Amino acid sequence: MSVNPLFTPLTLQNGTTLKNRFVKPAMSEEMGDKRFRPTKDLVNLYRQWAQGGTGLLITGNVMVDSRARGEMGNVVVEDDRDLDRLRAWAAAGTENQTQLWMQLNHPGKQSPKTMSVEPVAPSAIPLEGDNAFAFNPPRALTVLEIQDIVTRFARAAGVAKRAGFTGVEIHAAHGYLLNQFLSPHDNQRHDEYGGSLENRMRILVEIYSAVRQTVGAAFPVGFKINSSDFRPDGLTESDSLQVIQRMAELGVDLIEISGGNYENPRMQSTGNGAFFIDYAAKVKRIVNVPVCVTGGFRSMTGMVEAVDRNQTNLIGLARPLALIPDLPNQIQQGQFDHLQLEHLTTGVKLLDKKLGSLIGLSYYQAALHRIATGRPVKRTKNAWYPLGYAFKTQGLAMFMPDRA
Ligand SMILES: Cc1cc2nc3c(=O)[nH]c(=O)nc-3n(C[C@H](O)[C@H](O)[C@H](O)COP(=O)(O)O)c2cc1C
């Protein structure tokens, strides 16, 4: 019998070995407490995932500034004050030879009204589209503030390393701050952080360099980027490829590919078939750094083919691992072939359309909560179940769009 390529280890250029090709990409768990600290539920959740066989677990986005949060229940890391709790989280997530990387993020203007009276962004350009009502218009960051954000990413990476996380991922996708800097639509600055692509990627390059300097050469540092923003004046595919090339030259250890933002949430599609695989194949032609494609993998054959054809090195499975936390173990034991994500409905078309994004995200967060509390995941097509969960945990704030 031929060896399943999904179980072939992968060694990164810095010598770190991932035991297999499965990645649990960031999913905002919303399990931080009121002081933005990791809770026991969060620790339990990561123990379950680590025991479930995934080689690399990337945490839900951890914010680097408590004044700039994207979602209720974010964990924030600004200094060593919560080191003990972070250590407990890291210990659970690294059981079973699992790599555990902390995703570091700043939401920029995608910080809802409930959390930011005046969010910050590269330029004072408000969000557009159906979700815009939930966000206050941003103000432009000063250069000093940009430099403070760079330092914050590096400091948080240092804390992650001290706590026992085995790597970090810089979130430059899904319309958050670093994606905003990359996008000519969101970034209309006239200083060294805006204009040419070189200038628009400056903050990302500075963050990467500062993080690298803090954690050293042997500690994995990855980044997540959109293949495109899917709007003509946003980050284009060709821009994204150039950013990747630059980051590869600088020594980044892993490139995770995704797409979309709050204005155009491509990453929330419920379709089958890897969404960004053609783009990933292009990336692989220009750089040698391992690539992880996230979005749309639903069948074992699809995953095997993508690795076999060298379209991607790693397979990111977000929602599938929220429903089946031991999916890699199940594949190994011949118990998994494919899954279909539920199409949830309230029974009222208009409500489904208005609340679609909330229903989808709450469904997976309810699943994470059940895993964390040792209960089997509840699979249903009834959208009132996740809506009930969202109301119970968030009250009326549930109507604020978030979690990308
Ligand atoms: C509940 C939920 C929360 C998410 N939070 C994050 C996040 O914090 N950071 C991030 O980069 N992506 C986040 N995502 C996006 C996923 O990482 C992934 O890109 C997307 O779900 C597509 O992959 P899939 O088709 O395998 O689910 C989230 C997705 C879900 C469902």
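The side chain of glutamine 365 reaches the backbone oxygen of serine 28 at 2.7 Å. The model is predicted. Glutamine 365 also makes a side-chain to side-chain polar contact with glutamate 30, at 3.4 Å. Its place in the fold is helix 12, which spans residues 349–372. Glutamine 365 is classed as buried because its relative accessibility is 5%, below the 20% cut-off for that class.

Serine 28, whose backbone oxygen is reached by glutamine 365, is also among the closest residues to the ligand. In total, 21 residues surround the ligand. Ala26, Gln103, Arg298 and Arg319 are the others listed as closest, together with Ser28. By class, this shell comprises 9 nonpolar and 9 polar residues, along with 3 charged ones.

Glutamine 103 places a polar side-chain atom 2.8 Å from a ligand nitrogen. Arginine 298 has a side-chain N or O atom 2.8 Å from an oxygen atom of the ligand. For lysine 224, the corresponding distance from a side-chain N or O atom to a ligand oxygen is 2.9 Å. The ligand on its own has 620 Å² of accessible area, and the protein covers 98% of it.

One involves glutamine 365, with serine 28 and glutamate 30 as partners.

Note on methods: Residues are numbered from 1 along each chain as its sequence is written. This is a predicted model: local features need pLDDT of at least 70, side-chain atom pairs count only at pLDDT 80 or more; totals for chains, interfaces and linings use all residues. Side-chain values use heavy atoms; hydrogens and water are left out. A residue is near a molecule or strand if one of its heavy atoms lies within 4 Å of it. A polar contact is a pair of N or O atoms within 3.5 Å; within protein, one must be able to donate a hydrogen and the other to accept it, and residues adjacent in sequence count only if both atoms are side-chain atoms. Accessible areas come from the Shrake-Rupley method with a 1.4 Å probe; for residues, only the protein chains shown count as cover. Ala, Val, Leu, Ile, Met, Phe, Trp, Tyr, Cys and Pro count as nonpolar, Asp, Glu, Lys and Arg as charged, and the others, Gly among them, as polar. Helices (H or I, at least four residues) and strands (E, at least two) are DSSP runs, numbered from the N terminus. Buried means under 20% relative accessible area, exposed over 50%, partly exposed in between (1.4 Å probe, protein chains only).
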